[in-house]
Amino acid sequence: MISLPLSLLTVLSSLEDNYREALHRDDVKAIVVTGEKGKFSGGFDITAFGGVQGGKVRAPKPGYVSVEVLTDTVEAAKKPSVAAIDGMAYGGGLEVAMVCHARISTANAQLGLPELSLGIIPGFGGTQRLPRLAGLSKALEMMLTSKPVRSEEALSLGLVDAIVPADELLSTACRWALEILERRKPWVSSLYKTDKLEPLGEAKEILNFARAQARKRAPNLKHPLVCIDVVEEGIVSGPRAGLWKEDTEFQGLLHSDTCKSLLHIFFAQRGTTKIPGITDLGLTPRRIKKVAILGGGLMGSGIATALVLSNYPVILKEVNEKFLESGIRRVRANLQSSVKKGKMTQEKFEKTLSLLKGALDYEGFRDVDVVIEAVIENVSLKQQIFADLERYCPPHCILASNTSTIDLNLIGEKTKSHDRIIGAHFFSPAHVMPLLEIVRTQRTSPQVIVDLLDVGKKIKKTPVVVGNCTGFAVNRMFFPYTQAALLLVERGTNVYQIDKAITKFGMPMGPFRLCDLVGFGVAVATGSQFVENFPERTYKSLLILLMQEDKRAGETTRKGFYVYDDRRKANPDPELTKYIEKARNISGVTIDPKLTKLSDKDILEMVFFPVVNEACRVYAEGIAVKASDLDIASVMGMGFPPYRGGIMFWADSFGSKYICSRLDEWSKMYDGGFFKPCSYLVERAAKGAPLVSGFSF
């Protein structure tokens, strides 16, 4: 029996030796490959990719793993092998399993090839064997979406041959291997299986459909198309030709900017919970038995949904019966959506909804462990609420606010509980968006931060701990995003050209479509916070206010920067011109001919470089612990494309000197304070240093 170590790096050097030894020993009749510590193999040691990219780790010679070791040594062996799969068989782990002549799994096994989520393709033969075992359509789906399958589906696909209890896994695998040897079970070399492959014409249709879908879903990404090409090579020219093409393409993609960016995001996401001076103190999260939420609007109901989905009992408080019924109805609708999509049974729906209780007063708050305030952005209202919470909640209760911009010290001004006041800023819709911004003040206790990190993990959010300031990390970094776009529009750039360039870059939507979505009321309220707190570097446009005066509020009124039909489809609005001209006249701004014919590249730089500038301030002020936290915040909070590595990582691909010189140039030409490079950026540019030490390209 050969046991796979947890790291596939070790496997590369030991698997061939172990196999050769087993093949030469007369007392070994057949081979079982299994894993350690309850999982078969999580795949290749991803940390090694960085070493290969940086030239510190030597890549294996071409074809060594997929052809020489796995195909010509393991699969072609004269002794049969069976993979005994418990837990995860991902990436290279599944590729090793598919080389074996049969696969036996436990009920909790999961099998998948997630390499495309890291900007590469399977590199150990997965592109050739998975289609032959699971069928072409399913194999393409598994690889292109990076989604694993559970053992039951794997069995129905033919990816595993049997499911057995965990305590019978090894004995069954050994017996199965001997039965293959005795020809009582089929001896299958998966590389040469053809019964699951469609005739060439049909296969090409499936491949072309997959290409069209990949181009539509990810027009900026090359590696999904490369993966499809490699699969096709094996079908058209034979599986060995496919293996060699896979090997060549894998090595090329490993050094691509996309792979470097996605690897950076992979590690950055796993690093957000490491907070120096907080998570290294040895504190254990306290058990949170009950959570209360104030406000049943879109945010409050979304937060309640996220909590009950993770089995937290929740009290939802509103000011009157009508608002309370509305809030509970929203939570019910969120859960019913999961039922309709087949993600939740009716029984589970009823059990989950039963965790939610409504309230019109604070009586039920006497035994809550966490309260999350999610009312409108009104300072005096929030101050009154926190004073009430201090009176009614137990002394250990965490007092959290979902405010998106207001200083927490101001919110807690009328309390004496500053050590347990913290920001829990969710992003809308709260039960869907993956980011949780945890905002600490100078007086927030480390225990409270550790507790909220644990809650974030349990409700399946990626938490980012940030300091207390106007807008915190995400909203503060991105307040220049819309303001830069407004500056360009008032000086002659077309609204829809800006949005088109930004979405082409990879954002889910441009700044103007986003404004319509969140609503002008929210846009003005949050914008005014930045104008008030950072007057020297905000661009003050009247355009949105003028549109508001004319009863335009965005998507909800079917008129904003776009007009919306009955299906809420956005269309350009010719009437927009009159508002732009009026705003221009009031501000005394004139059209700049250069800005009427900007390239997409210029638009991207003029919109995003001010965001980079503010991100540098946030980092330099210590609002974020790590620059990589800002990358995760930009990706998960604002939809910045992950394949570009996040805002700071992407910026460093240009270099501090270039960004600083561009901002300085625009500062002299237009609104000086808005574009003026911050001192941190100027210092890095003067040294010719990257914005962040440690990023590599």
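Let's start with a pair of strands: β12 and β13 are joined by four bridges and run in the parallel sense. One spot to look at is E373, which sits opposite S401 of β13. Keep in mind that you're looking at a predicted model.

On its other pairing, β12 (370-373) runs parallel to β9, again with four bridges between the two strands. Here I372 of β12 is the bridge partner of I293. Which way do the residues of β12 point? V370 and I372 go one way, V371 and E373 go the other way, and all of them are buried.

## The whole sheet

Now zoom out. These strands belong to an open sheet of eight, and its order reads β11-β10-β9-β12-β13-β14-β15-β16. The pairing in this sheet is mixed. In general, strands pair up through backbone hydrogen bonds, and they can do so parallel or antiparallel.

For an antiparallel case, check out β14 (residues 421-426) and β15 (residues 435-440), which are linked by four bridges. Across that pair, G423 faces V439 of β15. At the edges you'll find β11 (356-359) and β16 (462-467), each with pairing on one side only. Going from one strand to the next, the sheet twists by 25° on average.

## Helices against the sheet

Helix α16 covers residues 379-392, which is 14 residues.

Several α16 residues are buried: K382, Q383, I385, F386, A387, D388 and L389. What do they pack against? Their neighbours are the strands β9 (291-294), β12, β13 (398-401) and β14, plus helix α17 (408-411).

Another helix, α14 (residues 321-340), lies across β10 (314-317) and β11. Its direction is at about 165° to β11.

Finally, have a look at α20 (residues 495-505) and α25 (residues 600-620). Their axes come within 9 Å and cross at roughly 90°. That angle is why α20 counts as roughly perpendicular to α25.

Who makes the contact? From α20 it's Q497, I498, A501, I502, K504 and F505, while α25 brings D600, I603, L604, V607 and F608. Sorted by type, the residues of this contact come out as eight nonpolar, one polar and two charged.

Terms used. Residues numbered from 1 in each chain as written. Predicted model: local features only at pLDDT ≥ 70, side-chain atom pairs only at ≥ 80, totals over all residues. Heavy atoms only, no water. Axes fitted to C-alpha atoms, helices over the stretch in contact; angles between N-to-C directions. Parallel < 35°, antiparallel > 145°, perpendicular 65-115°, else oblique. Contact = heavy atoms within 4.5 Å. Nonpolar A, V, L, I, M, F, W, Y, C, P; charged D, E, K, R; others polar. Pairing = 2+ DSSP bridges. Expected span 1.5 Å × (residues − 1). Buried < 20%, exposed > 50% of the residue type's maximum accessible area, 1.4 Å probe, protein only.
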